[in-house]
Amino acid sequence: MTVLAIGLIVFGLFFLIVGSIGMLRLPNVFVRAHALSLTDSLGAVLVLAGLAVYQGLSMNFLKIMVVLILVYLLNPVISHATIRAAHRSGLRTSEGKTE
Amino acid sequence: MRIMGAILLFAFWLLLSDSFDPARVGAGAFFAGLVMWLQPARKTSTHKFSWLAALGYLPWLTGRILKSGLHVSRLILDPKLPISPRLIHHHTELDGDGELVVLGNSITLTPGTITVEVAPGELVVHAIDEASSVDLREGVLDAKIGRMFSRGAGT
């Protein structure tokens, strides 16, 4: 069980790191949001799932599950609101090649 | 509907409070009831929601997120950074509020695609490259979500 938990957490950390690298490398706000969704929907979720497995069935397990569900429901809404605001305020989405 | 909501809120309270002495439990029951009583009536949806289909949808979505997550990771770690961002106008048959929420959320959850604007029948989606937008263009998501919300007889 511990091995599975460690595996999940390490896998999640991989996505968190890649998301951070993406944040630095990618050129503009729209593309950077994709790196953000990588950390949200895979990094954070896998780390939380790893913690839940490590915890075993208990009250804390249920609480982690609540956090997981909220992350799944709310993070896309936040990304969407940010990106929509950027789009409406007229930021260029840079079709085609970007530098 | 309200009783169901109150029971759900109460269960949530119990989950978070972590103690079962009568005063806390009583307060939880009271406030769960109060919140549901104060809440204005909502108009009921005309679409029937199938929990069974939703249960099948979640693992599928998770697999998809994992697949495109690895794809986006490869794009980011590639020294050449081979991204080709684009805006896609996605037409959809779905028009209910619930359906659009699930569709928009699923698109944003999936790495590589983000919902920019939502309107009944049309979504504007930003995709990081060609491959990320393929699933969307084929309408796999729409079909799955459409199965989740069958059009039933409602008000």
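1. Let's start with Ser79(A). If we skip the neighbours within four places in sequence, Ser79(A) is in contact with Leu36(A), Asp40(A) and Thr108(B). That list takes in residues of chain A as well as one of chain B. Ser79(A) sits in helix 3 of chain A, which covers residues 59–88. Its relative accessibility is 5%, so Ser79(A) counts as buried. Keep in mind throughout that this is a predicted model.

2. On to the interface as a whole. On the chain B side, 38 residues are in contact with 37 residues of chain A. The area buried between the two chains comes to about 3,300 Å², and carbon and sulfur atoms give 71% of that. In chain B, the residues that lose the most area to chain A are Leu15(B), Ile76(B) and Leu109(B). Taken together, those three account for 18% of what the chain B side buries.

3. Now the polar side of things. Across the interface of chains A and B, the rule finds 8 residue pairs in polar contact, with both residues at pLDDT 80 or more. The salt-bridge rule finds 1 across this interface. Arg88(A) and Glu117(B) meet through their side chains in a salt bridge, with 2.8 Å from N to O.

4. Which elements of chain B supply at least two residues each to the side that touches chain A? The helices are helix 1 (2–17), helix 3 (51–77) and helix 4 (97–109); the strands are strand 2 (86–91), strand 3 (113–119) and strand 4 (122–127). Helix 3 of chain B gives the most, with 9 residues. Sorted by class, the side of chain B that touches chain A has 23 nonpolar residues, 11 polar and 4 charged.

5. The assignment divides chain B into domain 1, spanning 2–38, and domain 2, spanning 47–151. Between the C-alpha centres of these two domains of chain B there are 35 Å.

6. Phi of Leu81(B) is near 50 degrees, which is a positive value in a residue other than glycine. Where in chain B is Leu81(B) found? The residue is in the loop between helix 3 and strand 2. Is Leu81(B) buried or exposed? Leu81(B) counts as buried because its relative accessibility is 18%, and the cut-off for buried is under 20%.

Methods
Residues are numbered from 1 along each chain as its sequence is written. Chains are lettered from A and ligands numbered from 1 in the order in which they are written. This is a predicted model: local features need pLDDT of at least 70, side-chain atom pairs count only at pLDDT 80 or more; totals for chains, interfaces and linings use all residues. Side-chain values use heavy atoms; hydrogens and water are left out. Contact means heavy atoms within 4.5 Å. Buried area is the accessible area (1.4 Å probe) that two parts lose on being put together, summed over both. A salt bridge is a side-chain nitrogen of Lys or Arg within 4 Å of a carboxyl oxygen of Asp or Glu. A polar contact is a pair of N or O atoms within 3.5 Å; within protein, one must be able to donate a hydrogen and the other to accept it, and residues adjacent in sequence count only if both atoms are side-chain atoms. Helices (H or I, at least four residues) and strands (E, at least two) are DSSP runs, numbered from the N terminus. Ala, Val, Leu, Ile, Met, Phe, Trp, Tyr, Cys and Pro count as nonpolar, Asp, Glu, Lys and Arg as charged, and the others, Gly among them, as polar. Domain bounds come from an automatic or database domain assignment. Buried means under 20% relative accessible area, exposed over 50%, partly exposed in between (1.4 Å probe, protein chains only).
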